[in-house]
Amino acid sequence: MTSRTTQTLKIGDREFDSRLLVGTGKFSSNDSMKEALRASGSALVTVALKRANLDSSEDPFANILDFLETERYLILPNTAGAMNAEEAVRIARLAVAAGLPNWVKLEIHPDPNYLLPDPIETLKATETLVAEGFTVLPYINADPVLAQRLQDAGAATVMPLGSPIGSNQGLDTRSQIEIIVEQARVPVVVDAGIGAPSHAAEAMELGADAVLINTAIAIANDPPAMARAFAKAVESGREAYEIGLGSTSKRAEASSPLTAFLGA
Amino acid sequence: MKLSFSKIFETIDLQGLSEISAQTRTSEVQRVLNRGEANSLEEFANLISPAAEPYLESMCRLSQAVTLKHFGKTMRMFAPLYLSNECVNVCRYCGFSRHNDIPRITLSIEDVEREAKLLHEQGFRSILLVAGEHPKYVSNGYVESVVRRLSQEFPSIALELGPLEASGYSPLVNAGCEALIVYQETYDEDTYQSLHTAGPKKHFSWRMDTAERAYQAGFRRLGIGALFGLHDWRREAISLACHAQHLSRTCWKAQVSLSLPRMRPSAGEFEQVEFLPDHHFVQLIAAFRLFAPKAGITLSTREPAPLRDGLIPLGITSMSAGSSTEPGGYSAFDESSFTPIDEQPGEQFHIADERPPAVVAKAIANAGYEPVWKDFDQSLLSEQSAKEPINRPDDQTDKADPVESLDPLSC
């Protein structure tokens, strides 16, 4: 499918052909993941470092990185499992030492149940890692003030959640995301909770620069087909945004205006 | 002021909840299933009721969907590594019980390494260290040394030992442990007292509050469970659900995982009180999933292969495989098949699924799930926890009887 959008996604110093970012967890096999990633057309995929073997040895039992085709996409290491800034910073540094890009998706969630991000620790880790030259993409609750603080700290994107990870509830935080988009100085990537292509299209239509999908693709009956469905939704949502959607109104426009007496 | 679970548990109307379960109407089951989750202990009691039995298929479908959403198509793999079968406790149902005439052994660090290497070769990066309770042979220093020796090769180390104070756990967390597993065995205090007749394990509430002390010391995963077969299974299940609910509220940074082990044959020839049949076992798993959607649920090799394979897509998130329950047991396995050659006389209990790990992994893949061998990294563990506990207790008032004050050998 040829993209009709006019603007490419630029994060940090890199440009990406696709506005669909994909996560690599929850797939039924590494092969299934590999196929779905290809089908998504994504140029940026994120992987939990806790699943990978970070020393130099080859480990057939922790080889998720071997299934990620680095010629197709940039690997975005994420810090899932970190409960505070110190842990996230440590694992980001280890990733670089292991030869991965110095890009990091910060996921700091002390609560293992809802996996909601800790705003304070996320800001701290962003400050530290930006100072060390990392390109930092923080996953956050949809909090506009936090988004501003992170941009001040040098974050390359902000990644507000639509709803809790894995919930498939869509854009529960829509009104907050709208404020974040309106105020954004960096790309806004809506991350988490997007369960259907229509949710992804909605996020793109309201002006998000990209979306990140994982669960909805990984647990689909046919992950590659679902990845393609999301790619189309992201594309069409973006096109509509760039064209400019008509405004909506709850009131009908009267055919006989009250001000008709004023004449033409 | 926060109360520990043993205090909360005293206020729970178990009899009332059991009656709710016994008297559940079909419409109540349907209401919970229509919503897709059990939001209270009462609704959990509805799901384990006789009235819910005809809805087992619906419950399993819901359980599958909820598990997929939160855990994806993955299965975390682990294996137990038994360090010692020395034990000062008398537990009538356990193969390690003090008076049982079995060969007793505590592995040297070198022996532990040999066993660990065998498990590592099979793929395991997550291990559960298990030992009987014996202050002389299984000292904290010994366990800490073992953990330090293994933490380079095993990103995830869990412990199942005699309960300790939080201060006893801290050095073990700092050495590289991620999870603590402690089963209450039975939540019925009278039954508990009749089964645990000597040793520090006699202390019902001290054991009950173990998970909270472990949390204070910084453990990230807390495993709890009941041993089904010792008492009425519905009462045990309601108690366990109550415990899980309490921990998820008070230990909010820890993941709670549940185990529902059923009695297996062991030395001592204990006759179980109430057998939990397969269909009730499956009902229980689905009910727990709908009550605690984000809790891990572990399935061990206690269960036979066909049942384990059937349960893979129904709510389980973690499985052991190729297990030996005897210290040094893996070294006595057949090298090529990784299965026991002979009887293991020093085992805690006899397992039912003796398939080697690769065969179990294949069964998981055939079910459409990925066996995940590594899902944690030692680099995540905070160095700061080496200096102080990371989860400050809200409350210092509810100290249970410290084991240190007991003389276990004189019990």
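A crossover is right-handed if, with the strands pointing away from the viewer, the path from the first strand over the helix to the second runs clockwise, and in chain B such a right-handed β-α-β unit is made by E7(B), helix H12 (residues 233-250) and E8(B). The model is predicted, so local features need pLDDT of at least 70 and side-chain atom pairs count only at pLDDT 80 or more, while totals for chains, interfaces and linings use all residues. Residues are numbered from 1 along each chain as its sequence is written, and chains are lettered from A and ligands numbered from 1 in the order in which they are written. Helices (H or I, at least four residues) and strands (E, at least two) are DSSP runs, numbered from the N terminus.

**Chain A overall**

- Chain A has eight helices and 10 strands, and its C-alpha atoms fill a box of roughly 85 × 40 × 35 Å, taken along the principal axes.
- The radius of gyration of chain A, 20 Å, agrees with the value near 18 Å that a compact globule of 264 residues would have; the radius is taken over C-alpha atoms, and the globule rule is 2.2 Å times the number of residues to the power 0.38.
- Buried residues make up 50% of the 264 residues in chain A, where a residue is buried if 20 or more other C-beta atoms lie within 10 Å of its own, exposed if 12 or fewer, and partly exposed in between, with C-beta atoms placed from the backbone.
- Of the contacts in chain A with a separation of 6 or more, 62% are between residues 24 or more positions apart; two residues are in contact if their C-beta atoms, placed from the backbone, lie within 7 Å.

**Strand E4 of chain A**

- All five of the five residues of strand E4 (residues 44-48) of chain A are buried: Leu44(A), Thr46(A) and Ala48(A) point one way, and Val45(A) and Val47(A) point the other way.
- In a regular strand the side chains alternate between the two faces of the sheet.
- Strand E3 (residues 20-23) of chain A pairs with E4(A) in the parallel sense over two bridges, two strands being paired if DSSP finds at least two bridges between them, and Val22(A) has Val45(A) as its bridge partner in E4(A).
- From E3(A) the chain crosses through helix H1 (residues 30-40) of chain A to E4(A), in a β-α-β crossover that is right-handed.
- E4(A) also pairs in the parallel sense with strand E5 (residues 74-78) of chain A, over five bridges, and here Val45(A) stands opposite Ile75(A).

**Strand E7 of chain B**

- Six of the six residues of strand E7 (residues 221-226) of chain B are buried, with Arg221(B), Gly223(B) and Gly225(B) pointing one way and Leu222(B), Ile224(B) and Ala226(B) the other way.
- E7(B) pairs in the parallel sense with strand E5 (residues 179-185) of chain B over six bridges, and Val182(B) stands opposite Ile224(B).
- Five bridges join E7(B) to strand E8 (residues 255-259) of chain B, and these two strands run parallel; Val256(B) in E8(B) is the bridge partner of Leu222(B).

- Gly218(B), which follows H11(B), has a positive phi near 110°.
- Gln344(B) lies in the loop between strand E10 (318-320) and helix H15 (357-366) of chain B, and Gln344(B) is buried because 22 other C-beta atoms are within 10 Å.
- Not counting residues up to four places away in sequence, Gln344(B) touches Ser324(B), Glu326(B), Gly329(B) and Ala332(B).

**Core and interface**

- The largest nonpolar core has 203 residues, and those with the most contacts inside it include Phe230(A) and Leu222(B); such a core is a set of buried Ala, Val, Leu, Ile, Met, Phe, Trp, Tyr and Cys residues joined through C-beta atoms within 7 Å.
- Leaving aside neighbours within four places in sequence, Phe230(A) is in contact with Leu20(A), Ser40(A), Pro197(A), Ala200(A), Ile213(A) and Ile217(A).
- Between the chains, 27 residues of chain B are in contact with 30 residues of chain A, and helix H5 (residues 56-71) of chain B gives the most to the chain B side, with three residues.
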